[in-house]
Amino acid sequence: MKIVMIGTGYVGLVSGVCFSDFGHEVICVDKDPRKIEMLEAGQVPIYEPGLDQLMAKNVAAGRLSFTGDLAAAVDGAEAIFIAVGTPTRRGDGHADLSYVMAAAEEIAHAMTDYAVVVTKSTVPVGTNRQVKQVIKKARPDLEFDVASNPEFLREGAAIDDFMRPDRVVVGVTSERAQEVMGEIYRPLFLREFPIQYTDLETAEMIKYAANAFLATKITFVNEIARLCEKTGADVKQVARGMGLDGRIGNKFLHAGPGYGGSCFPKDTKALARIGQDYSCPMEIVETVIKVNEDIKRRMIDKIEDLCDGSVNGKTIAVFGVTFKPNTDDMRDAPSLTIVPALVGAGAKVKVVDPQGRTEGEHLLPGVHWVQDPYKAAAKADCIVILTEWNEFRGLDLKKLAKKMASPRMADLRNIYHPKDAKKAGFEAYTGVGR
């Protein structure tokens, strides 16, 4: 099948590359000439493990190409995916749909034959029907269908998630559209991965409900962690005991400095706003948003307490600033709250992150970037572990402690055991919920 993917951001590029690996002919479209130049030169503008090799393989096979010419790409396509950004709109928490609607307008003027216009972007309930109205208004004569196909990709594991998904959700309004979508995902169906067909509104809601629930699990265990600190319980053991219950499961029960990234902050805010619009307040989600912000600020207090009440004049080594490991994504990362607060309080901050510098340099002014964690620890008063990159999981704690002016550790991902840190020479250690 011929597929067009509009938008070469995280979702669009990963989806386009993976569809081409299914055997489809895929054309990825982007308005940014710089991005198209990079992609045509074989360079991937985002960091996602394995994506560069998979992209090169399918370009070489002639199944994957890139262009800035939407009209030429759309000609003869059987499915046109919209995978543009839907950032939080300033001031009201709504998802900004301007890019989605602009893409729909352009698609309408470019289409020549029947195709299914598929929204891959995360959009509020009712958006796909708006897309249909925009296209119909621009081209009343056009024969087409719309479909909702939300993505469920974890950054850092996106290719595996696409190729071996828990489920594929497809919202459609006609049998013809369902047949097209079924053919697109046929390789997964043959491997017996579940495909759930719904109406448009249900598909849109599934995406928000899933992300809000996962954000709630993270926030819940972070609240339990705070209570553990007060009572003397160990949140890692509490989470394990909870997770062994099949009704709960062990995923997203890791205490830390709060959730961040491209999805959870944006989608929880959007869902809360949708609830307000329909006079149906999402009170749990609204509380999750508030508590998550409180958790980030509580991490700053932890670091200050570890430094005898003040970081002014202290040297702090921060290990990891991306919102999670195996990505270069800094969107709404806890580091964007914590690191500027440390700098603002007078600390000298040294940062180590395997992939975070490209985005982090302009997002975290006033910090010093170091490649090696041991060099970052030299003469530091405190180490703060913010992101659980594999590079930070097996550090020589004795070597770190000897290099530091004052060996203290704020392990905000609970990578190390407090006894091991103290045995290695750290005079003070604090984790989350222990």
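Helix α13 provides the largest share of the lining of the largest cavity, with four residues. The structure is a predicted model, and a search through the whole of it turns up three cavities of 30 Å³ or more. The largest cavity holds about 40 Å³ of space. Around the largest cavity sit Tyr259, Pro265, Thr268, Lys269, Ile289, Asn292, Glu293 and Lys296. Two helices, α12 (264-277) and α13 (283-306), each put at least two residues into this lining.

Turning to the aromatic side chains, the count comes to eight aromatic pairs. Phe252 and Phe264 make up a tilted pair, with 6.1 Å from centre to centre and 50° between the planes. This pair ties together distant parts of the chain, since Phe252 belongs to the loop between α11 (235-243) and α12, while Phe264 is in helix α12, twelve residues apart. Elsewhere, Phe19, Phe22, Phe81, Phe162 and Tyr185 come together as one aromatic cluster.

Charged side chains also meet aromatic rings. Arg176 lies over the face of Tyr114, 3.5 Å from the ring centre. Likewise, Lys399 has its charged end over the ring of Tyr374, at 4.3 Å from the centre of that ring.

Conventions. Residues are numbered from 1 along each chain as its sequence is written. This is a predicted model: local features need pLDDT of at least 70, side-chain atom pairs count only at pLDDT 80 or more; totals for chains, interfaces and linings use all residues. Side-chain values use heavy atoms; hydrogens and water are left out. On a 1 Å grid over the protein atoms alone, a cavity is a set of points where a 1.4 Å probe fits but cannot get out, and a pocket is an open set with protein on both sides within 12 Å along at least five of seven lines; lining residues have an atom within 4 Å of a point. Grid points are joined across faces, edges and corners, and a volume is the space filled by probe spheres set on the points. Rings of Phe, Tyr and Trp (its six-membered ring) pair if their centres lie within 6.5 Å; planes under 30 degrees apart count as stacked, over 60 as edge-to-face and the rest as tilted. A charge sits over a ring if NZ of Lys or CZ of Arg is within 6 Å of the ring centre and within 35 degrees of the ring normal.
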